[in-house]
Amino acid sequence: MPEREWILLNPGPANTTRSVREALVMPDLCHREPEFFEMMRECRQRLTRLAACTERFAAVLFTGSGTAAVEAVVCSAVARDRALLIVNNGVYGDRLARIARAHGIPSEVLSYDFTTPVAPTDVEAALRARPELSHVAVVHHETTTGLLNPVMDVARVAARAGRRVLIDAMSSLFGERLDVDADGVDFVMASANKCLQGIAGIAFVLGRRSALDALAGRLPRSVYLDLHGHYATQERDNTPFTPAVQVLHAMRQALVELEAEGVASRIARYAENARVLRHGMTALGFEILVPEGARSNILTTFRLLPGLAYDPLHDAMKRRGYVIYAGQGDIRTYAFRVSNMGTLTPRDMEGVVEAFRASLAELAVGVRL
Ligand SMILES: Cc1ncc(COP(=O)(O)O)c(C=O)c1O
């Protein structure tokens, strides 16, 4: 373990407060005792309250990484005689398509390059052409690049066409504005360890109750990831499998802290973090991959400078206490990612820029700055 805390610039698990980490240490607790059910109920209620969707939505918890929630929704929402329209403009859009394929769900994929947001008119046309497409799956914030998809516009065209939308908001829920209860939206998937600032190990679905209830009686495609099974059991104050008790306890603390900060204030803090970072990095000569207008306030992909490779930059930053994140796939060869989620403040982001400046100076041998 490092002697001092790393500043994590990867898009989750993010830096957490000491109180969240300390919440992992608690009295041993059986997951079939009232004390656990009370904690689970509180977490589920806090989630829908903070997401401003209490009236019509329920939170369904899964023990697993974020993909557990995504896969549970994809493999549960689409009926056996229907198909799924998937937006793919990054690794996580591609993952939606892989999940659909793995479960034998007929799908159509709308593909864009990694820096182009979905055009809602394309969704509209695809839905018009194929009546069997019952749902649209789209990633809100493509963590591959920091690209934001206009999911509310997608929901609008889907609702107009009588279809429902599944939103992977893994790295944006509570970090970007999102109207979970918007017309057309049935399911939103996220996890404890990103903008919620909890510990990795719990994923969750915010599901419209009418859509969750409609799944009753369907033969599930998965046993562990049966969305209705988890929902129905949790509604009865029980749990179908053994949950990560301590991680949930830390999530409860993270929810309390999110409420104290306020969702709007957290979103504003992240936006200011991104502004400070981008201003400083641009001054150092770094270019941002995603065009203005399509960028999130949570993650930035910067092009590597000529002659500067990712690995030495990563190591120079890490020596200074900062952990940056490689680009996914091919992007790794020409760009890298810096996230500003977690407990980081604009002041921390000034430190990040200073660390880049010092790292560039250290690596300057052979680097054309
Ligand atoms: C957009 C998005 N979807 C899904 C995931 C889930 O990934 P994991 O299962 O590793 O938590 C992530 C994680 O980074 C993500 O950014």
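Select Glu-55, Arg-56, Arg-164, Asp-181, Asp-186 and Arg-208: salt bridges link these residues in a network. A salt bridge here is a side-chain nitrogen of Lys or Arg within 4 Å of a carboxyl oxygen of Asp or Glu. This is a predicted model, in which local features need pLDDT of at least 70, side-chain atom pairs count only at pLDDT 80 or more, and totals for chains, interfaces and linings use all residues. Residues are numbered from 1 along each chain as its sequence is written, and side-chain values use heavy atoms, with hydrogens and water left out.

Asp-186 belongs to strand 9 (residues 185-191) and Arg-164 to strand 8 (residues 164-168), so the pair ties together parts 22 residues apart in sequence. Strands are DSSP runs of E, at least two residues, and helices runs of H or I, at least four, numbered from the N terminus. Asp-186 is buried at 5% relative accessibility, while Arg-164 is partly exposed at 24% (buried is under 20% relative accessible area, exposed over 50%, partly exposed in between, with a 1.4 Å probe and protein chains only).

Next, select Arg-332 and Asp-311, a salt bridge with its closest N and O atoms 3.5 Å apart. Arg-332 sits in the loop between strand 13 (325-326) and strand 14 (335-339), and Asp-311 in helix 11 (residues 310-319). Arg-332 is partly exposed at 36% relative accessibility, and Asp-311 is partly exposed at 42%.

Finish at Glu-132 and Arg-130, which meet in a salt bridge of 2.8 Å, N to O.
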